[in-house]
Amino acid sequence: KFSANAGKVWRAPAFTELYWNQPSYSMYGNPDLKPEHGVSGDFGFEYSRQKIRFSATAFFIDSKDLIAWEYDPLTWETRVKNLDKARQYGVELEGGHIINSILSHKLNYTYLNAKDASTKKELPYRAAHTLNYSLTFKPIENLSLSASVYYKDKVFTNAANTVKLDGFFTFDFNLNYTANEYLSLWIKGINVGDSKYELTADYPMPGAAVYGGICVKFWQGQ
């Protein structure tokens, strides 16, 4: 299957981008923001045959007045502003394979080149490489265990590209067991490797955590 799309893009500033004002978090909106606008397009194809599926999509976005949050290392403040011109393009690849009756896996990879068209600097908080791999093990019909690894490349937090957040890996798992049509159990592990990372400057993300639950249905409709 082949697909292609092209069109204009337009986005009004969100409420938080306009009016966010929290001195305790050193984050401030900008009521003078303009809407961002531009053009975008993508072209892709998908191939599947028996136990294999593969897809690839190339994309681009040409923007004016792009809305972007930026961290200032001198004041420790994060503010939002419009960038005059920005250009983003890249490719997304995804593949899946059913190994046998109990094992399957899937890989997703995205490459992104995102730069300020005027300064040629990388746009804040846009990672060049993002990867997600998951493996699913299903030994019996009502039991499944999936494990996944996620990687995000380093990102710059300011337009001058002088401050950055390091890249990171996280490991997650998900266990589901269905006892019958009325009872099921689940356990989920988030960042079980306890990676230390930030998605926004100076805001560390939570460490390792494990959650569990029981789902009970007291009545099954016809």
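**Notebook: strand pairing and positive phi**

I began at the hairpin of E5 and E6, which has 4 residues between the strands; Trp76 in the turn has a positive phi of about 60°. This is a predicted model, in which local features need pLDDT of at least 70, side-chain atom pairs count only at pLDDT 80 or more, and totals for chains, interfaces and linings use all residues. Residues are numbered from 1 along each chain as its sequence is written, and side-chain values use heavy atoms, with hydrogens and water left out.

For terms, I took strands (E, at least two residues) as DSSP runs numbered from the N terminus, and counted two strands as paired if DSSP finds at least two bridges between them.

I then looked up the pairing itself. E5 and strand E6 (residues 77-98) run antiparallel and are joined by 20 bridges. Phe60 has Tyr89 in E6 as its bridge partner.

Strand E4 (residues 36-49) pairs with E5 (residues 52-72) over 13 bridges, in the antiparallel sense. His37 has Lys64 in E5 as its bridge partner. The E4 and E5 hairpin has 2 residues between the strands, and Gln50 there takes a positive phi near 55°.

I noted the background: most residues other than glycine have a negative phi.

Two loop residues followed. Asn161, between strand E10 (155-156) and strand E11 (164-165), has a positive phi near 60°.

Asp202 lies in the loop between strand E14 (198-200) and strand E15 (203-204), with a positive phi near 70°. At 46% relative accessibility, I logged Asp202 as partly exposed, the class between 20% and the exposed class at over 50%.

Methods
Buried means under 20% relative accessible area, exposed over 50%, partly exposed in between (1.4 Å probe, protein chains only).
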